[in-house]
Amino acid sequence: MGVGALVVPTAASGQTPVDLGVPQDGNMVANGGFDVGDPDGHPIGWSVEGNEGAANVVNLAAYRTAGQGSLEVNVPAGNPVTLTSDRIVAAPDRAYTLKARVKGRSGTPAELAMSFTDFNRAELAVKAADVTYSADWQTVTVTGTAPANTAQVTVRITGADAGWSYVDEVSLTEAPPAYDPHLGTERELFLDDYRIESSSDVGRVVHAADKRPEPVIRATYPWESNAYIYGSVFKIGDVYRMWYDCNNDVSPGYFLCYAESRDGVTWTKPLGRGNVGYKDIPASRTNLIIAGGGTIAYNPSAPADRRFSLLQFQTGVVNQTLGYYAYFSPDGYTWTKASTAPVLLDGDVSQVAWDAKTRRYIATIKKRMFTSRTPGVYDRAAFVSTSTDFLTWSTPILGVAGDYADDGAAQALNGLEGQIYGMPVLPYESTYIGIPWVLLITNFTHGSQASAGDGPVLPQIASSRDLVDWSRPVRDPVIRPGLPGAWDDGALYTASNVVVDDKKITMYYGAFNAGHGGQVAGSVPYTSGVGMATWRRDGFVSLTNAATPGAGDPGTVTTRPLVTDGENLHVNAVVRGKGSLTVEVLDAAGNTVPGYTSIPVTGDRLDAQVRWKGGGTLAALAGQQIKLRFSLVDTDLYSYRVG
C-alpha cells in the first residue's frame, strides 16, 4: 500500500502564488513574534526548560508591539526558566545579528543570547545581548560570527533572576553575502533573491516534472528483488550510461548495477560487464558492478584511470572505519579501491558531482545529528564537502536540515517531523541546485523498517551560490509521487545528477510503492523501479504572474545592479494567451535608459532574444551598472542571460 493518497501541503500547493516581497526581512526564527502557543501556553517552535509556568504567550495590548501576542517571562526568585528556539542551520565564519523588543514590568528583564553549536551539539560560542531594565519597549541587538565547525545556531531567552518582562519581535538574520554585479554569459534562474532588488505581484512556483507513466528500469534478473536508483546517469558520446541499485539476499544486500540506452528511454542491462556474481551465476553473466551502493562522478579531463570516481558507504567502527570510501575506474565497470580509510566519516547515503567550472568534486553526505524532535532519535541532514582529487575532502559543512516548515508538513499528515534523507547537488549555470530528499516522518510503527521512520520521501528544490548558504523559499516536490496504486506512489529518490540539453532537463528517479518504512504485512508486494522525469530547460521554478489583460494585477521584478559585456538579452519564458513579457533597462538610479524598452515577448520561448524599441544592443552599455525590470502579465519567467 503506497502513500500517494497523502496530500502534502506546502507553500504553493494548489494556491495562488504570493508576492515575494523582496527585500524580505530574512528572519530565521520561527514564531519570533510569539503569536501562537501550544495548549500549555508555551510558544510553538520553542522549547521551555526549568520553571515552565514562568514563560507564556500572552495577548495584552500594552505588552505587545506587533501581531497578536508577546512572550511574558515572570520569574520568581530562585526558579529560573530558559526558552530555546528550534535549531537553525548556520555557516562557519558568517556574521549573524539577533534583535528583539523587550519591555520591563518589574525586577530583572529576560536575557537574550544566540548559541552556536557543532555537529555533536557541543556549544562553541555564546553571544549575549546587553539588556537593561526599561519600562518602555526597547530594541536590543547583538551580533556574532559563527566559529569554525559551526553547524547550527539557536536563540535563547532566559529568566535567571527575579523579574517580570515581555519579549516580542525576535529575529535572527545572517549578513548578506558579498554581491558581485558582474553578469557572465550563464543563465540566471530565480531560485533565490541574490539578484533581485524588488518585486510586486509575482511569486515563485515549483514546476513538477513530467514523468513517464511506467518505469524505464524494473527488476528483471534473479539478483534484483528491487531495482531503484541512488546512482548516476551520464550521456557519454551517443550512449546513456546508468548505474542503478538493486537488492538481493546476498551480503551486503544491495549492489550497484549497470544499464545502457541509446535514447534515454529504452534501456538494456548488458551482461558480461559485471564484477560480482550471484550465487551460482558467475560475474561474467551479471550486470552487478560492485557490492554495495554509491554514486559516481564522471570527469573526462581526469587521468585515464580516474575518469570515473565512486564514493561508497561502508559499515565499521564509528569515527574510525565507518564512512565513505573512494574508488576509481577507467571505464565505469572495473573499480579499484583508492582509500584504506574513509575519506569522509559517517553516513549512509552520498551523492557526488564533478564541477567543471571550479574544477572540484562536490560530495553531499548524510550525517545523523541527535537534534531531532523525537528524544533519542537521530536527525538526518545533508552535509557538503569538496575535493580537487576525490581523496582529500574539506570539513563537511551542514547544508540543508529539516526545519520548522518541514516539521509542519509532516504534522499536516498527522506526523512527527521532517528530515533530509539525501541531497544531490547539480552544478547548473550560475548556481548550484540541490535536490533535498525530504522525509516526512509520520510514525515509527508502520512497515518492515518502521524503526527508521515511515512516511513519504519527496524531492524538493534548494539552491546555493557558494555551497555554504542554501535557499529553500518554496517547498513543493519537484517530482511528485504517483496517484494511489501507481508504481511510484511512495518514497521517491533521485540520481545524483541530471542530463541537460538545449530543450530539457532529464533526471532519473527511484521510487517505491510504499513509504520509507517499507512493506506493511499483508499489503501488496513491495515493488520499485527507475523512472524518468523531465522539465523544460531551467524549468524547476519560475517567477509567475497570473493576471490577464483587464483582470488582475501585472507583475514586476527588478534586478539589483548588473554589469555585463554581452550584446543581447535572452529570456526563457512562457507567455500565455494574451499575456506579455516586457523588459526595461534602468540605470543605477532606477531611471529608464532611453531606447531600452523592449518589444513584448510572447508565446512559449526557451531562448527568446529581447529586442529593444530603440534598435540598439546591450553592447552600448557594457561596463556600466544597469538594472533590468521585467514586467509580466500571465507569464512564467524561468531565466535570463546576456550573450
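Predicted model: local features only at pLDDT ≥ 70, side-chain atom pairs only at ≥ 80, totals over all residues.

Trainee: What is phi of Arg121 near?
Mentor: Most residues other than glycine have a negative phi. Arg121 is not glycine, yet its phi is positive. The value is near 70°.

Trainee: Is Arg121 buried, partly exposed or exposed?
Mentor: Buried means under 20% relative accessible area, and exposed means over 50%. Arg121 has a relative accessible area of 44%. Therefore Arg121 is partly exposed.

Trainee: Which loop holds Asp93?
Mentor: Asp93 is another residue other than glycine with a positive phi, near 70°. Asp93 is exposed, with a relative accessible area of 59%. Its loop lies between β5 (88-89) and β6.

Trainee: In what order do the strands of the five-strand open sheet run?
Mentor: Five strands form this open sheet. Their pairing is antiparallel. The order is β2-β3-β11-β6-β9.

Trainee: Which strands stand at the edges of that sheet, and why is one side of each left without a neighbour?
Mentor: An edge strand here has a single partner strand, so one side is left without a neighbour in the sheet. From one strand to the next, the twist averages 30°. The edge strands are β2 (55-58) and β9 (138-145).

Trainee: How many residues of strand β28 are buried?
Mentor: β28 covers residues 379-387. On one side, Asp379, Ala381, Phe383, Ser385 and Ser387 are all buried. On the other, Arg380, Ala382, Val384 and Thr386 are buried too. So β28 is largely enclosed by the rest of the structure, and the count is nine of the nine.

Trainee: Which residue stands opposite Thr386 in β28?
Mentor: β27 and β28 pair in the antiparallel sense. That pairing runs over nine bridges. The residue opposite Thr386 is Ile362.

Trainee: What is the bridge partner of Val384 in β29?
Mentor: Strand β29 covers residues 397-401. β28 and β29 pair in the antiparallel sense over four bridges. The partner of Val384 is Ile397.

Trainee: What is the volume of the second largest pocket?
Mentor: Rolling a probe the size of a water molecule over the atoms shows where empty space is left. For the second largest pocket, that space is lined by 37 residues. Its volume is about 880 Å³.

Trainee: Which residues lie nearest the centre of the second largest pocket?
Mentor: The lining divides into 15 nonpolar, 17 polar and five charged residues. Those nearest the centre are Tyr228, Tyr230, Tyr254, Asp348 and Tyr421.

Trainee: Which element gives the largest share of the lining of the second largest pocket?
Mentor: The elements that give two or more residues to it are β16 (226-236), β17 (239-247), β22 (308-314) and β27 (360-369). The largest share is four residues. They come from β22.

Trainee: How many disulfides are there?
Mentor: A disulfide needs two cysteine sulfur atoms within 2.5 Å. The closest cysteine sulfur to that of Cys246 is in Cys257, 3.0 Å away, so it is too far for a bond. Cys246 is buried at 0% relative accessible area, and Cys257 is buried at 0% as well. The disulfide count is zero.

Trainee: Is the peptide bond from Ser251 to Pro252 cis or trans?
Mentor: Most peptide bonds are trans. Pro252 lies in the loop between β17 and β18 (254-261). The bond from Ser251 has omega near 10°, and it is cis.

Trainee: What distance separates the C-alpha atoms of Gly482 and Pro213?
Mentor: Gly482 sits in the loop between β35 (462-464) and β36 (492-494). Gly482 counts as buried, at 9% relative accessibility. Gly482 and Pro213 are 269 residues apart along the chain. Their C-alpha atoms are separated by 8.8 Å.

Note on methods: Residues numbered from 1 in each chain as written. Heavy atoms only, no water. Buried < 20%, exposed > 50% of the residue type's maximum accessible area, 1.4 Å probe, protein only. 1 Å grid on protein atoms, 1.4 Å probe; cavity = no way out; pocket = protein on both sides within 12 Å on 5 of 7 lines; lining within 4 Å. Points joined across faces, edges and corners; volume = space filled by probe spheres on them. Nonpolar A, V, L, I, M, F, W, Y, C, P; charged D, E, K, R; others polar. Pairing = 2+ DSSP bridges. Axes fitted to C-alpha atoms, helices over the stretch in contact; angles between N-to-C directions.
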